[in-house]
Each structure stands twice: as structure tokens, then as C-alpha cells.
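Here are some friendly notes to read with the model open beside you. Take the points one at a time and find each place as you go.

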Number of protein chains: 2
Amino acid sequence: MSISLVINGFKKYMILFFTSPPLQPFPWSRCSVPKLKRSVLGFLPVLSWLPRYSLRDNALGDLTSGISVGIMHLPQGMAYALLASVPPVFGLYTSFYPVLVYFIFGTSRHISIGTFAVISIMIGSVTEKLAPDSNFPSLNETNGTGGVDLAARDAYRVQIAASTTVLCGLFQILLGMMRFGFVVTYLSEPLVRGYMTGAATHVVASQLKYVFGIDPARFSGPLSQVYLLIDICRLLPETNIGALVVSLVALVVLITVKELNTCYEKKLPMPIPIELIVIIAATLISYYGDLNSQYNVSVVGEIPQGLKPPSPPDISLWGSVVGDAFAVAIVGYAINISLGKTFGLKHGYKVDSNQELVALGLSNTAGGFFQCYAVTSSLSRSLIQESTGGKTQVAGVISSVIVLVTVLQLGTLFEELPKAVLACIVFVNLKGMFRQFLDIPALWKSNKVDLMVWLVTLVCTVLLNLDIGLAASIAFSLLTVIFRSQLPRYSILGRVPGTELYLDTDTYEEVKEIPGVIIFRSSTTMYYTNAELYLDALLEKSGIDIGKLLMKKKKKDSEQKRADKKEEKRAKIKVNWAFDQQGTGSDQDSEIGSYGDNHITQAASTGSESESGKSADNSTHTIILDLSTASFVDTVTVKILKNVCVFRHMCCLTLFVSTPVCVVEQLSIAGFFCESIPKSCLFATVHDAVLHSLRVHGDKDRPQYECVLDMSSTTKM
Amino acid sequence: MSISLVINGFKKYMILFFTSPPLQPFPWSRCSVPKLKRSVLGFLPVLSWLPRYSLRDNALGDLTSGISVGIMHLPQGMAYALLASVPPVFGLYTSFYPVLVYFIFGTSRHISIGTFAVISIMIGSVTEKLAPDSNFPSLNETNGTGGVDLAARDAYRVQIAASTTVLCGLFQILLGMMRFGFVVTYLSEPLVRGYMTGAATHVVASQLKYVFGIDPARFSGPLSQVYLLIDICRLLPETNIGALVVSLVALVVLITVKELNTCYEKKLPMPIPIELIVIIAATLISYYGDLNSQYNVSVVGEIPQGLKPPSPPDISLWGSVVGDAFAVAIVGYAINISLGKTFGLKHGYKVDSNQELVALGLSNTAGGFFQCYAVTSSLSRSLIQESTGGKTQVAGVISSVIVLVTVLQLGTLFEELPKAVLACIVFVNLKGMFRQFLDIPALWKSNKVDLMVWLVTLVCTVLLNLDIGLAASIAFSLLTVIFRSQLPRYSILGRVPGTELYLDTDTYEEVKEIPGVIIFRSSTTMYYTNAELYLDALLEKSGIDIGKLLMKKKKKDSEQKRADKKEEKRAKIKVNWAFDQQGTGSDQDSEIGSYGDNHITQAASTGSESESGKSADNSTHTIILDLSTASFVDTVTVKILKNVCVFRHMCCLTLFVSTPVCVVEQLSIAGFFCESIPKSCLFATVHDAVLHSLRVHGDKDRPQYECVLDMSSTTKM
């Protein structure tokens, strides 16, 4: 039982590593047992569910599910290995080791870890870039394909793939430990779907050579797919008829039976494993028909028997693959977590995004040591795993046992399998991705901005390849957020008669503006890209003319001097427009509601009836800014708000309502509130601010009234 | 008067060009005279104010202001020309032609167009990159500086600067005509100030060689400033003592008198033109002391007399300067508009951002034909122009007349001026920019995110130079917006007793949660980067366990079958927790307010008193999402909201309140509302939703009550 000792030792080490703060001895004294246990269970989820594994409830489901998935692993593993430009047997390895690691560390019960088309093609682009055919001229051997030392090339490609995978795994572990699981949120759904579709075109382009049996040149960098397609078209006259016939037959059989599977989904206990059947049949036909030598149909070739010992990755390669490894890490994780969360939500368990990162990273790192390439969960296999009754990751272990048996005993039987058949298997598995083109009409109807993200991502991915394309798409996707928040809808609010509700006057016909009071609201938070627009919109919507206000102020200042002399006389002359007919008795604080209501009704009727006197009486005396949509404050915002408050000195009162607490805090820190802008400008609701404004401007002699729930209470915090 | 004919023809053409829609004949029939007039006045603002120019009010102010600014133009023009790596006389041209163009097209009355340090150094980086000394080996002439054909080099540099300027001007005109004036909003204030400070370090680094009289190597690309400083340090032992002495004396004099100017600002009618005095004095000393040949102090050298005929730009250069030209266009415009808007706000007139772009673009394009380099408004000159009484751009014209006289008559007198003196003038003019380092403590106190933007911009600008640094800074600045909106503050709202106000329970101690009702609010709009967080926070804050809910639902489903049989019996057994003591008579629609109040008080007291029965009675029956901060909707948001609504089927009711109209529209388009999520889930206020919830869950037998102002009325739009 030395292995369990090793495992236990490793566990202890990892527990220490994960629970202790960095660079400090582990605080045993402070560590309570339940906390330690929680850490262990968090890091090794298998310990929390395997001991309680109920054979009666789960065993049968996991067994059938594991067998079904295992049968899918075999053709997919071999086919996707071609995408990654490594020999097929390494695809089988990839379907084996990482599954076992994920079984221990993973938190999702239903996803099937292993080879996946998009990740495979990403790895393939790295291997082909760093180990092109031209680097491996055949010396004196004759191996049939003319001038390329295939054995050396493939060995080097495997090493590149494994090194990239280890680096990718380390990135994932690192991100997981730094609790950076949130990075995946930058990959929004339309982006991921557009990216998948773009990647699918790369997959198709890379597999066409096997279908036609031709040998186009290799391209890398932007637009490489375009060049590749042009080269394939150029080579079409040299098509190998044998390969084409094999491909067409395989495609027809695969598509037909897959359609049958879909039609009779409910009647069949499990889908017909047509991919496996096609592979076996094609191998037999190829072997007995001798397709390779008779028709020059390219076959899989030597498959080594048994497993290989682990070997360390070639660290010297990391410098040249670091960008690709990071892209693989992010994309692989994004696919994994989105599938995992979907199943988690469906079956009601929690999938921990950071633990998933660690689990996937450990799977990749461990796999990389065993010459696997990067893995993630596959949609098709996961759906089968779930629909055939899989309940836990035990199904994954069973599937990997099937792969193990194949690798150990049956692998060599597939040596005569034509590569064209594997390419066809890849094609039919891409059906789901190409069906995503239906997103275009759907998004056109539902959300045009997301459609734009989808399309830009597709175009970027197709033209700029999978790494730069991803970066460009993410940048574009983030820019759409900026654009959206940069062009807000500005509105003037009015009161719904008989309520304390203030709504957009443009949308609701019933609402009435309060004369002299401008209630302004932006549909989004104000920050530097839209702050100028905010001020412009406020001035335009409210019809305030700064020039006039300035003139007015100057005139007022000069009048002030004259006025000082005959102040008493002036006080009698001045007419308080809204309060002429208003009684002065009933202003107890308990009657605020009805009092305010009267005020406003009064004001509204005055305003609407006396249109002639509008220009004289109806000049704006209060600006109320509804800041309920503000979520943060930057210096530009503070400046603009201060500018608005300048109006205050020009016979306008500026009030702020519904300001969120965090915004008030940030405004305070920014030194926004001062003697001329006291915190009493803040009101909890529009109605309170309107009441206050009418009170102040309606009757200047009364004492200033304290609002019921002034937001300045935030100073208590 | 052929010139005026040409100008009139040009005017007419431009009017046609700007007012007609593209590719269509000008619709004379549809064009009313006032509209045409408005277009003309918009495009040629000079026509709107010059005819009404009041000599009495403005002439004196404009004259003194023009003379003061003209006197500043002379030293600044020559000094900044060194920054642009062109001979000093071209700085004087730059202070002349563009000012006249801006006079016609500009909308700001107080800014002083002309040379500016940051723009000059940006142009200088282009000229030095494309025309390094090494490209101009001296053939057989001996011109004292050893091996560089200065005349050819300078001529080529002037051509590069002029071509870049024309392209920059065309960019600005294009942006202005496309109404892209808003691009400047991406340059937030902290970014611009950080950028200016970073640019100032470049200016200093580039001028040190004149101060020390050394000749360091040229560097370009990232980190070039660091290499330059290292090279200068290496060459320090070779310092030219003569140049250093001249510099130190000039610096001391300049700084002293500038400080005196500041101290006695109010007593002096206009500041002492110390820069001009220093230049004249230095020229005299240099001439009579023969500093150039005796002490090998580098002097300005040959200054051609008179103006040069216009010449077209070298279009073949545009390919290599396009990025720099665009950066110059944006930065120049940003400085111009921020200064213009500041003065506009101060003096109460409108500065049209798009017209400013066109005006600046025309100034640059026209200037470029006359070998000027790019211009913008200078802070120091504009402040002088305004403070010495300038009222209109006539001051600019007067200042350019002074420059013209100098160029025509006095230019050659400055040939013996030491370059070190010009470098010192540059230094003292940078004082304001270096004072911006005081932004650091100020921003530290007021806004840490903006401080980060400031610092990152400075570092990017210093290390990556002015073009890439600007792009990197803008990208970082936009990312901060994403980060800020990605980490919102989530809160559960509770009711302020006795009001219809619902506030954050964490901040306000007085508020009380309504038992069974969770009112959830995010401080920012929900979109793809924070949608997952929203759901997580909702589940955490509300304590909803999806697993338990699923179990409950399953149990309920199985119970349902049994329940169907004995439904009637069950109806009697079920206890409606909140309504036991509640009368059933007074539920007219007119009494909603008081009715609801009673309900909620009831519920609140029940919840707080019977803590023991909490787990049984107090299970959540309603989730109210306050979407008032939402400003747009993407597909991820729709998905998450639908997920929340899944709870609805698990004995929870989900209601949406305060949803902005535009968000409701977008949700409708996205197909969010369906049979299971009707539009009646929308409520105008939290209080309405709470009343509705208590009504439905308090008494299931009553008919579902229609809210007073249901947001579903938006369907009318």
C-alpha cells in the first residue's frame, strides 16, 4: 500500500499548502478541525461524495453511462488527435489520464473530461507552427510520404503539445489559487458561441486535406485559413479518389445513423455507437482491401501498445508557447465551467468555479507529464454521460477503463484505419457548432449588440486565428459595454398625479412636470465618457441657457447694491407665485404628505393654466438630479456635478436624490460637499426633494424644513 | 480684390460641401434661407461676431492682450521649434498662419492657438525617427558639427513635420465632419494630466543636451527615454562649460522674474516679458562675447528672412506617420477643447466641439502647406490672453501681426541666440506640468481609481513614448470602468417603518426586512461580466439553497399527486401565516395604502416576535429584484434573470421593480416575457411589489390584484 502512503503524504502537503498563509509557518494552534476538514473537502471533493457513494442508487446508471462515454472516447480521441497534429494514440492517452485526475479534484458530477475539437485545433496550431514538416527532412529512410522524417516530427510534436499542456495546466492552477475564476466572465455567451463557430471553420479547413487526400502547404499567422483554403482549391485536381470515396461513404453512413439516433432517441436505450462501428468497419475494409498500398489512402499507421512512462515537459519551449497556453487555459476553462454550471443548475448542486480551475489545471499538468494534450469537457460526451443515467464521476472512471483496455490490448488493430474516416468523424461532431449559425437570426431578433459581438468574434477568429482572434474579440466585447454606457437615455421626470411616483415625461403621457422644478435622470451611471453628454443633455432638456443665467446673475449682482438700500420695500413688492392663494396655517410636520400634495397640485395647475405668464413665473428654480443609476464616481463626474451646482448661485437650487450610499461615500471622499453644497442637498426620494424645493421657493420666510429621511444620515456610517 | 473673390468662391464651395447630403445635388428648392444662414454661421463663426464687433467694448482689451500674447509667441515659438527638431523660424511660422485660420473658423474667444510643448515633442519624435542624423552624412562641406549635413537634414525634417501636420489636420476635419467630437471624452482628466506630465519628462529629456552642450545618441521605440538618460549621464563629463553657464544664468533669471511676476500679479498691468528680455539679452551677449566660436556654444544659426511660398505636403510620408498624426490630432484636440470649454463656461458662451475639431483641422492643414507644424491652444498663452483683457480672437490676429513683423524684419537678429537659452525657456514653461505631480496626493485623498489611471498613464507615457503610451493608457482607463462595474455592491432592502421607503439593510439600522420577501438590488447594471456574481450574491444574501429548493420541488411534485385526491381537506388544514388575525372585509382598491401598511406591519411583527417559528413560517415566498440601476440588457442578463425566475416554480414568486423603460423594451425584444414570466411581474415601486406579494401569499383565495401603475403599461409605447 505504498501508493496510498504517497497519496496521503501528498494530500497532507497540499492541505498545508492551501490552508496556510504564504511565507508563514502553519498555525496549528489556530486551526480548528472542522476548518481543516472543510479545506480538505474543498480541495479534494472526491472525499466528500465517494465515501457516501450509494451503490443501489448510482451504480447501474454510472456503469451504462461510463460504457457509452467510453465507446465515444475511442473514435473521438483518435480523430481529435489528428486535429492536434499528434499520432492518434495520444488522443487515447488524453482520454484516460486527465479523467482520473478530474475524478479526484472535480466538482461537477456530469461533465465528461477529455479531448475536444476546439482545444485540439488550438494545440494543433501550436504544434504545426513550431514543428513544420520542413524542419524534418528525411535523411536516408524512405517512408512513403516523400522527404519528411515522420517519426522525428511526431515525437517532437507530442513533446510540444505536452509542454504546452503542462504550462496551460499551471496557468489554470495559478488562476484557481488566486481565485481568478471570474476571468471567464469576460467570455460572454455570444462571444464563446461565435468563437466556437469560428474555431469549427478552422477544424474543417484543417481536415479537408485528409478527405481529399492532398497535401497543402502550411500557413501560420493572420489570414492563414484563407491561404490554406486557396491552396486546397489549387490542389483539388490532385484529389486522391480512394480517400474521397472512403470519406463520402463514411460521411453518408455517419450522418444517416446519427439522424436515426436523433429520431428514435426515446426508443433506443442508448444511441447506436455508429462512430465505433464505422471505425471498425473501415479498419476491416482498409485491411482486407489494402487501401493504403493499392489506392494510396493515408492510414493511421503504427500504434504503440501499452502506456508510456511519464516524462517531464520541455521547459525551453514555454517561451514560444506562453500566449497559446494561456488562450487554451482560458478557453478550456470557459467551456468546462459553462457546461458544469449548466448541469449544476439542472441537478441542483454547486460547481465551484475556482476549484474547477484547479481541477482542470491538475488534469492538464498531470496529463502533460504523460504526453497528453490539453483537455476540457466535451458537450457531446457530457450530454450522453448525463442522459444515459450517469450520476457521478464514477462514470468517467469506467469510461477511462474502457479506453485503457483499448490502449493496452486493441490499439494495434486500428493501424490500418484510414485517416479520412477520422476526419469524417470530426466533421459530424461539428454539426452542433455549425448549427450555432442559427444564433444569427435569433440574436438579430433579440439583441443586436450581442449579434455584433458574435459576428465580430467569428470574423476575428476566422481571420486572425484562435489566439489573437480571442484577444481581439474580448477587447471588442468590452468596448460594446463602454459604448452602451456612453449613450444613455436622458429623461425629465414628472409626477404621476395622485401618487408620489415620478416617471419619464417622454414615455408616460399622464405624468405632469412640476413647474419650476426640473427632475433629470440618466439611464446609466455618469463617468468620464458620458459626463459631458450629461451636462449637455441637462441643459438642452431643461432649456437652461448658461449665457442668460450669467447675464441674469450679473444683473442681479448690480441690482443687489441698489436693492440693499430699499430692502424692506422690495420684500413687500415681491410676489411669491405659488403661494398667493395658499393658506399659511396647516404646516405641521405630521401633515407633510397632504401638505406637499396640495403644494404640487397647486403648482401644477398654476403652471398649466397661466401659459401666458409662463416666461415670467415659470423660470426654473430647482434642478433635481436623480442619481439612482449612479454606481461609482470619478473626478470628471465630480467636476460636472460641481458645474451643475454653479447654477445654484444663479438662482437655481440643485438637489440630489436616490443617491446610492456608495456614491455618497465616494462624493464625500472626493470633497464634493462643501459649504455651498451641503449634505442637506441629498434626499431619499424625488418626492421629498420636490416638497423641499416648493417649500423653499414657495415661501421664503418659513424656516427650512428638515426632510423625513435625509440622506445625510449616511455620515453616521 | 481677386483674393476676396477667391475666398468667396471657396466659401460657397465649402457651404455647398457642408450643407448638402453626400452624393446628391444640392437641394436648392428645399433649402430655406435661415437654414443656409445657420449653416454658414456654424461653419464660419467669424461672420456671426465680427460684423457686430464693438470697438468701444473690445478694442482696447484685444489690443493689449494681443501684444502680450504676441510677445510670448516669439520666445515660445522659437523654443518649441527645437522640441519639434525643426529650425526656430518654423516655430514662428507656426505662431502665425494657424492663428489666422482659427480666427475665421474657431468658436472659442479666449484661447491662444499656436505652438505647444507636448504637441511639439510629439512632432519631434516623428521627425527624429524618420530623419535621424545618421541619414545625412556630410559630403564635403565642413559645418562645424562633424559629419552631419544639417541643411539637408533640417529641410527634410521640416517636410516631415509639415506632412504630419497636414495629415493630422485632415484627421481632425474628418472627425469633425463625422461629428466625432465625442472621442475626446475617452481622454478623462486624470488621463490627460498624467499624459501631460509624462510628456513633460520627454520634453526635459530632449532638451538636456542643449543645457549641457552634449550630443547623445538618438533612440526610438519603447524605453527610449531611459536609454537617452543613460547616454546623457555617460556624456556628462564632456559637458560644454559655456553652454552650462549660459543655461544656469538664464534659468536663474527666468525663474526669479517669473516668481516676481506671480507675486506682484495684481500690481503689474501686464507680466514682465522676461522671456523676450532674456532672449534679447542672450543674443546680445552671445553676439558681442562671440560665444559660438570662443566657447563652442551652439547657437540658433541662419534664420531666413521673409515668408516662404506654400508647398504641398509629401504624401508618400503619410504611410509612416499615420499613427503619430492620429495621436497628435487627438491630443491636440483634447487640449484645445478642454481649454475652450473652460473659458466658455466661465464667460457663458458655447464652444461647439465638432466645429472646434474642424477649425483646428483647417488650421493644421493650412499651416502644413506653409511649413508649420501641428498647433493647439497653449494654457500659458491663453491665460495671458484672457487675463490681459482679450475679448475676441481679434487679439489672436494682433499677436500674429507681431510675429509677422518679427519674421519679416527682426528674425535675422536672433541668429546668435544660444540654443541653451531656448531650452531654459522650455523648462520654465513646463513648471505648470510638473506641478501636476501634486495631483498624486490630491487624487490619493479623493479618488484612488483615478489616481491609478494617472499613474499608469504617466508610466506608460514615460516608458512607451507618446503614441503607444497614449493607446495603452486609454485601454487601461476603459478597463477601470469595466472593473468598477464588475464588482458592484449588492444589498438586501428593507422598509423604513412608517414610510414607503426601502433602503439597504446593511447601512441603515432602522430598516426592517419584510419576512418572506427578499428585495435585492445591485449597485450597477447587470451585464455579462457581473451576471454570475449577481446570481451568486442573490443566493448568498437571500440564503436560498437551490439544492433544497429542488428537493422541495420534487417532494412537492410527488405530494401533488396524493394531494389531488384530498384537495378539499387540505385547503382547510393549510394555515395562512400572515392572515390569521387579519380581517377579510376591507379590501377595496381605494384603500390600498392603509391596507398594505397593516399587512406589512403585521408581517414584520410576526417575523420578529416568533423567532422560534422562523424556519417553518419565514421561508422565502417572494424575490423582488430592484432593477432601477439596470441600463441595458444583454443575452447573459436575460439568461440569469430567467434562472432567477426558475425559483418561481419552486414556490417562489419573482417580481421586478423600478425597471427602466429601455430595459423593459430590451427584455421584451429578447423574448424574456412569456407565459411563466408575464409582464405583470413588473412593478413601478418596491412598495407596490411588496403589497402584491403579501396579498398573493397572504391570502391565496383572493383574486390577483392589479397594481396601481403596472409597468406593463409600457406595451402601449
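1. A contact here means heavy atoms within 4.5 Å. Among contacts in chain A between residues at least 6 apart in sequence, 80% join residues at least 24 apart. Before going on, note that this is a predicted model, where local features need pLDDT of at least 70, side-chain atom pairs count only at pLDDT 80 or more, and totals for chains, interfaces and linings use all residues. Residues are numbered from 1 along each chain as its sequence is written, chains are lettered from A and ligands numbered from 1 in the order in which they are written, and side-chain values use heavy atoms, leaving out hydrogens and water.

2. Chain A contains 29 helices and 8 strands (DSSP runs numbered from the N terminus: H or I of at least four residues for helices, E of at least two for strands). Of its 717 residues, 55% are buried; buried means under 20% relative accessible area, exposed over 50%, and partly exposed in between, with a 1.4 Å probe and protein chains only. The accessible surface of chain A is about 32,600 Å², and carbon and sulfur atoms account for 63% of that (Shrake-Rupley method, 1.4 Å probe; for residues, only the protein chains shown count as cover).

3. Now look at helix α7 of chain B, residues 117-130. Its 14 residues reach 20 Å from first C-alpha to last, close to the 20 Å expected at 1.5 Å a residue (the expected span is 1.5 Å times one less than the number of residues). Because 10 of the 14 residues are buried, α7(B) is largely enclosed by the rest of the structure. Among the buried ones are B:I119, B:M122 and B:T127.

4. B:T127 leads us to a neighbour, B:R157, which touches it. B:R157 sits in helix α8 (residues 150-177) of chain B and is buried, with a relative accessible area of 2%. Leaving aside residues up to four places away in sequence, its contacts also include B:E128, B:D133 and B:R218.

5. How many disulfides are there over all chains? The count is 0, taking a disulfide as a pair of cysteine sulfur atoms within 2.5 Å. For A:C233, the nearest cysteine sulfur belongs to A:C424 and is 18 Å away. A:C233 is exposed, with a relative accessible area of 52%, and B:C263 is exposed with 59%.

6. Lastly, find A:L463 in helix α21 of chain A. A:L463 is partly exposed, with a relative accessible area of 31%.
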